[in-house]
Structure formats: structure tokens, C-alpha cells
Amino acid sequence: MGDNKMGKGGSKIAPEVMTDLRANTEFSDQEILDWYKGFQKDCPSGKLSVEEFKKMYGNIFPVGDASKFSAHVFRTFDANGDGTIDFREFICALSVTSEGTKLEQKLKWAFTMYDLDGDGFITRQEMMEIVTSIYKMVGPLMKLPEDESTPAKRTDKIFKQMDRNHDGKISVEEFLLGAQEDHSIVRLLQCGHQLMRIQ
């Protein structure tokens, strides 16, 4: 059976895997099984490549260009960094982005997506990269206030509210504090995140 712990022939989830998923996600057993069936149908190999992931996002956002944003989401889903997403990585990340998950957990997950180089800080350049990719994906569909009408304006607004020590970067603590104190920041950040439930 090798690495395939999902069950015989990949048709069902092994009990020890189900126990792990129960402990590490917010989903019920039935929801996990439903997601697993869909994942197996879409990814018979049990692995989702970045190209397949981008294609899925492209189908969800046919008007905009989802390729950059989907690559950032993929990187965040790919917990072990092997260049593919297996079902465990998929369902755990999906759980974090789903409704009902604690805000702090979602924000920590979002922080890892914005922190492109993984150094524990979000620079203006990193924020700009993600915000630009979101605008490319959903921009034509969104009506934005004037002070958020471009990626640069949105990035400036987020930095003004979050970079408390004015060092030009946002730490995880500043990110969490800023988002929890000011829900408008959560709205600024959520543009792409609320769209992450891939179905």
C-alpha cells in the first residue's frame, strides 16, 4: 500500500487517518468523506499539482486572472513543500479557511500566505504581490472605495493600520492584533480568502 493510507485502493479513508483528520479539522466524518470522494474524483492519483490547482481556480474566476493568486494559495496548502497537495493537506487547509473556524486560526493561515519568504514578517512588497494577485483575479467583479481602488492604495491602507512600530514590515503579532481590533482590516484581507472554498 506504500504511502496510500487513505484506504484500500484509495476508495475509503483508513481509521487512523480519519482519527487524525477529526483531530485536525473542523469537519464532521460525513463532510470529510464527501470531500474525500470529490478529491479522489478530481485527483485519482491522490495528489493535486499546482497546474491542476490553477485550473480549478481559473474555473471559479473565469473573468479575472487567478493564476498568481492560486499559486500563493497552493503554496500555503502544500504544507510539506513537495509541490503537490494530498488529501490531508487539502482538507486541513480547507478547514482553516471554512466558516466556523476561529478568526485567529484563519488569520495565522492568511499570514503564512502573505509572508512569501517565510521569514515571519510581511513586507510591503509581499503584501503588494498578494493584493495585486487578488485584484487580477476578482478586480473586474468588485466595486471598491477610492482609498482601495488600486493594489498600492489597499496595501498602504493595510500597512497604516497594522505596522504599529513603523518598521516597514508586519509581524504575526501586529497582523493578529490589527485584524482583531479593527474588523475593516479583516474585510481588506478577506477579499481573496472568502473565495478559497473550492467545491
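Good morning. The model is predicted, so local features are given only at pLDDT of at least 70 and side-chain atom pairs only at pLDDT 80 or more, while totals for chains, interfaces and linings use all residues. Residues are numbered from 1 along each chain as its sequence is written, and side-chain values use heavy atoms, with hydrogens and water left out.

I begin with the overall fold. The protein chain holds 10 helices and 4 strands; these are DSSP runs numbered from the N terminus, with helices (H or I) of at least four residues and strands (E) of at least two. Read from the N terminus, their order is α-α-β-α-α-β-α-α-β-α-α-β-α-α. The chain has 199 residues, and 43% of them count as buried. Here buried means under 20% relative accessible area, exposed means over 50%, and partly exposed lies in between, with a 1.4 Å probe and protein chains only. Among contacts in the protein chain with a separation of 6 or more, 59% are between residues 24 or more positions apart, where contact means heavy atoms within 4.5 Å.

I turn now to helix packing. Two packed helices are described by the angle between their axes and the distance between the axes. Axes are lines fitted to C-alpha atoms, for helices over the stretch in contact, and angles run from 0 to 180 degrees between N-to-C directions.

How do α6 and α9 pack? Helix α6, residues 103-114, packs on helix α9, residues 172-181, at an angle of about 130 degrees, with the axes 10 Å apart. That angle makes α6 oblique to α9; under 35 degrees counts as roughly parallel, over 145 as roughly antiparallel, 65 to 115 as roughly perpendicular, and the rest as oblique. The α6 side of the contact includes Leu103, Leu107 and Phe111, and the α9 side includes Val172, Phe175 and Leu176. By class, this contact of α6 with α9 has 9 nonpolar, 1 polar and 2 charged residues. Ala, Val, Leu, Ile, Met, Phe, Trp, Tyr, Cys and Pro count as nonpolar, Asp, Glu, Lys and Arg as charged, and the others, Gly among them, as polar.

Helix α5, residues 87-97, also packs with α6: their axes come within 8 Å and cross at roughly 120 degrees. This pair is oblique as well. Ala93, Val96 and Thr97 of α5 meet Gln105, Lys106 and Trp109 of α6.

Phe39 lies in helix α2, residues 29-42, and is buried at 4% relative accessibility. Its contacts beyond four places in sequence include Leu48, Ile85 and Phe90. Phe87 is 48 residues from Phe39 along the chain, yet their C-alpha atoms are separated by 7.0 Å.

Ser171, in strand β4, is also buried, at 11%. Leaving aside neighbours within four places in sequence, Ser171 contacts Phe111, Gly120 and Phe121.

Is Glu173 buried or exposed? Glu173, in helix α9, is exposed, at 55% relative accessibility.

Most residues other than glycine have a negative phi. His166 has a positive phi of about 55 degrees although it is not a glycine. His166 is found in the loop between α8 and β4, and is exposed, with a relative accessible area of 66%.
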